[in-house]
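Please brief me on selected local features of the model shown here, with the criteria behind each term spelled out.

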Amino acid sequence: MLDFTKDMGKMLLPTTRRAWADLLILLVLLGTLNFFTKGVSDFGWLGMNPSPWLLVPLFLGARYGFKWGVGAGFLVGGIIF
């Protein structure tokens with residue numbers, strides 16, 4: 001008899017590869033949206049308060065934990081500034 005609960009549990013666990021993929025996808029999506037809406041004149045939406053770039057560490061921290069949220073925050077801060 002097949003036990004699908006074991007297989008589903010393995011599929012739903014967040015992995016490091018998924019976290020990196022989510023980080024990359026979110027950065028590319030926000031970067032593209034930022035480029036097409038504001039261009040290079042306001043990269044990082046620094047004129048907006050709060051900046052939509054804060055969503056990346058918020059989402060990653062909520063899904064993968066504190067370590068990923070802090071790491072994404074430092075990465076986004078490095079990219080913007």
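Leaving aside neighbours within four places in sequence, Ser51 is in contact (heavy atoms within 4.5 Å) with Gly44 and Trp45. This is a predicted model, in which local features need pLDDT of at least 70 and side-chain atom pairs count only at pLDDT 80 or more, while totals for chains, interfaces and linings use all residues. Residues are numbered from 1 along each chain as its sequence is written, and side-chain values use heavy atoms, with hydrogens and water left out.

**Loop between H2 and H3**
- Ser51 lies in the loop between H2 and H3, helices being DSSP runs of H or I with at least four residues, numbered from the N terminus.
- Ser51 has a relative accessible area of 16% and is therefore buried, a term that means under 20%, whereas exposed means over 50% and partly exposed in between (1.4 Å probe, protein chains only).
- Val40 is also found in the loop between helix H2 (16–38) and helix H3 (55–64), but Val40 counts as exposed because its relative accessibility is 71%.

**Helix H4**
- The 15 residues of helix H4 (residues 66–80) should span 21 Å at 1.5 Å a residue, which agrees with end C-alpha atoms 21 Å apart; the expected span is 1.5 Å times one less than the number of residues.
- Trp68, Gly69, Ala72, Val76 and Ile80 are buried in H4, and these buried residues fall within an arc of 95 degrees seen down the helix axis, so they line one face; the arc is that of the directions from the helix axis to the C-beta atoms.
- The buried residues of H4 pack against H2 and H3, while the face turned away from the buried side carries the exposed residues Phe66, Lys67, Phe74 and Gly78.

Terms used
Helix = DSSP H or I, 4+ residues; strand = E, 2+ residues; numbered from the N terminus.
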